[in-house]
Amino acid sequence: MTFMISARTLKIVAALSIGLAMGACSKNPNEDGSGSGFGSGLGAGAATPGSQQDFVVNVGDRIFFESDSTELTSTAQATLDKQARWLQQYGQYSITVEGHADERGTREYNFALGARRAEAAKSYLAARGIPASRLRTISYGKERPVAVCNDISCWSQNRRAVTVLGGANS
Amino acid sequence: MRTITFPSPRDHLMSDSKLLLSRRQMGGLFTGLAASSLLPGAALAQSKYLDIRRGTNFQPIPIAVTNFAGEQGPALSGIITNNFARSVFLQPLEPRSFPEQVSNPDAPPRADAWRMINAQFVLTGRVGRAPDGRMQTQFRLWDVSTGQQVSGQQYVTDPNNARRVAHIVSDAVFSRITGEKGFFDSRVVFIDESGPKERRSKRLSIMDQDGANVRYLSGGDELVVTPRFSPSSQDVAYMAFGKGDPRVFILNIETGQREVVGNFPGMTFSPRFSPDGQKVIMSLSQGSSSNLFTMDLRSRATTRLTDTAAIDTSPSFAPDGSQVVFESDRGGTQQIYVMGAGGGGAKRISYSEGARYSTPVWSPKGDFIAFTRQKGGSFGIGVMKPDGSGERIITEGYHNEGPTWAPNGLYVMFFRDPGGSGGPKIFMADVFGRGEFPVPTQSYGSDPAWGPLLS
């Protein structure tokens, strides 16, 4: 079940990322219908403050890493700072940090690398006051890329940690 | 005309014990195989004909695989020919060049005529029915230089096992000529991949080593990776994303029964069985480190083998169980280390400049460790001796990964993913890097793991 939620979330996020990559950033991503995959409380319309869309669009649900690195860049830290503020405001969500790697590594190592990236983000959020009881991590290694091509433009999008919100009050 | 030597009662007994083994191994699929020798008189000295390690002047042995007599004969010969064509060491000759049609598989072929097309061996045989209705297959291997029969067997089995009989004949011939163990009568577990790369559906699958008889062991809803065969049972260990943390599971491929391996506080991954099949060795991810553990499948006792802040993964036992090879980034980059099976005293063995090494696998013969090597953006498959010397790259390019050994230690399978929106395919190469062949799979395929010889 956890996985299914993540998969759906990824799909939406993938659609958003592609929009961004093409420089066609929609002012209101909800209008393109990409949010229709959500089953609960996320119909078309403006991103309600405190909603999952609000988090994805206005805060940013993901950070990116350098090749084979688990270090949090200054950009990543800035995003995580925003995430931490938002998550403290909306305390009803449980949080899963997904760690991902690009395809230029072997499968087993990439699971461990993804786990390290997720852990780096989780530790940062915990240090910013998010209770550990709300945080869990999962690594997908190189199994779930969001961008598919054979060059750096894709690889850099795939080396990521994504903060996924669990069901409210769960 | 030659007389067929019928098996003595003692041979019967031996056949029966072999039969029981086969039945157990195949879980009822293989409904019995009785083998008996067709070699006339006393067995000839089992001298081999080919030094597979011969260096630059290596030449594969030309062999003529004639159509076996009987309705099913040509199909059987086709499977054998296809096997030899991927064997590197044997070279099946083009049937159109054959100087004679073999009408009597029991009679010596015309050696002078076969010599004209440079055949060194001629394989003849027939497929028919035993008195009890079962399939009866005979083969005879003839040495063209002497005109003598050098090998011959008869197999009686269920007709559904025709492909296996072809593989067993292939192994017998391969062994007789090379002096090495066969590998054709074996299976491979792998991951069948379909769908777009962002949402790739993966199924646990099993096939014969030549790509035939594919069976899907999982439905594709659940993400599954890195299956590994037990050397001694019908169990497959693999990593699956079930509920909660991704974990190592064991699936019995006959009963469909599946269980989690151990109750670890975190993601477990990269499993592999010990050579006796009694333990599973794997990585456990905790915090930002991954360490190696074993679990005894009978006592359920778990043992920690490494305790580092690094990523230790891809463990593989030496065939005698005394040592473990694994990859670790404890020195900064992924490299290969060897330690005792109880842990401790890890020693780095990979040293090529500017290279990262991963996925080490110990050969079942013990002589080599196969690995993936990343260097300058390229992913190669190679082998080195257990002390790190004698490194040899078998294939290089983007992006080869994850070698697995044939049960005789002479071949590896691995997968190659060209990147982009495409997907991986499985390939097989000999350990000397002389030949490489695709293993046909219907869809994309990855993570092959070669199982033990069945017969």
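Colleague: The crossing of α2(B) and α4(B): left-handed or right-handed?

Modeller: The crossing of α2(B) and α4(B) is right-handed. A crossing is called right-handed if the near helix is turned clockwise from the far one by less than a right angle, and left-handed if anticlockwise. This is a predicted model, in which local features need pLDDT of at least 70 and side-chain atom pairs count only at pLDDT 80 or more, while totals for chains, interfaces and linings use all residues. Residues are numbered from 1 along each chain as its sequence is written, and chains are lettered from A and ligands numbered from 1 in the order in which they are written.

Colleague: At what angle do helix α2 and helix α4 of chain B pack?

Modeller: The angle between α2 (residues 73–85) and α4 (residues 162–178) of chain B is about 45°, and their axes are 9 Å apart. Axes are lines fitted to C-alpha atoms, for helices over the stretch in contact, and angles run from 0 to 180 degrees between N-to-C directions. Helices (H or I, at least four residues) and strands (E, at least two) are DSSP runs, numbered from the N terminus. That angle makes α2(B) oblique to α4(B). Under 35 degrees would be roughly parallel, over 145 roughly antiparallel and 65 to 115 roughly perpendicular, with the rest called oblique.

Colleague: Which residues make the contact?

Modeller: From α2(B), they include Leu76(B), Ile79(B) and Phe84(B). From α4(B), they include Val165(B), Ala166(B) and Val169(B). Two residues are in contact if their C-beta atoms, placed from the backbone, lie within 7 Å.

Colleague: And how many of the residues in that contact are nonpolar, polar or charged?

Modeller: Eight are nonpolar, three polar and one charged. Nonpolar covers Ala, Val, Leu, Ile, Met, Phe, Trp, Tyr, Cys and Pro; charged covers Asp, Glu, Lys and Arg; the others, Gly among them, are polar.

Colleague: Over to chain A. At roughly what angle do the axes of helix α3 and helix α4 cross there?

Modeller: In chain A, the axes of α3 (residues 74–89) and α4 (residues 107–127) cross at roughly 50° and come within 9 Å. So α3(A) is oblique to α4(A). The crossing of α3(A) and α4(A) is right-handed. Leu80(A) and Ala84(A) are among the contact residues of α3(A), and Tyr124(A) and Leu125(A) among those of α4(A). By class, the contact has five nonpolar residues, two polar and no charged.

Colleague: How many helices and strands are there in chain A?

Modeller: Chain A has five helices and four strands, in the order α-α-β-α-β-α-β-α-β along the sequence. Of its 170 residues, 42% count as buried. Buried means 20 or more other C-beta atoms within 10 Å of a residue's own, exposed means 12 or fewer, and partly exposed lies in between; the C-beta atoms are placed from the backbone.

Colleague: Why does Val146(A) count as buried?

Modeller: Val146(A) is buried because it has 22 C-beta neighbours inside 10 Å. Val146(A) sits in the loop between β3 (135–141) and α5 (152–158) of chain A.

Colleague: How many residues of chain B are in contact with chain A?

Modeller: 31 residues of chain B touch 26 residues of chain A. Elements giving two or more residues to the chain B side include β10 (224–229), β15 (279–286) and β22 (355–362). That side has seven nonpolar, 17 polar and seven charged residues.

Colleague: What domains does the assignment give for chain B?

Modeller: Domain 1 is 9–178 and domain 2 is 186–453, with bounds that come from an automatic or database domain assignment. Their centres, taken over C-alpha atoms, are 33 Å apart. Seven residues of domain 1 are in contact with 11 residues of domain 2.

Colleague: Backbone next. Where is Arg300(B)?

Modeller: Arg300(B) lies in the loop between β16 (289–296) and β17 (302–304) of chain B. Arg300(B) is not a glycine, yet has a positive phi of about 70°. With 10 C-beta neighbours inside 10 Å, Arg300(B) is exposed.

Colleague: And Asp447(B), buried or exposed?

Modeller: Asp447(B) is buried, because 28 C-beta neighbours lie inside 10 Å. Asp447(B) belongs to strand β30 (residues 444–453) of chain B, and has a positive phi of about 50° although it is not a glycine.

Colleague: Which residues does the cis peptide bond join?

Modeller: The cis bond joins Tyr398(B) and His399(B), with omega about 0°. His399(B) is in the loop between β25 (392–395) and β26 of chain B.
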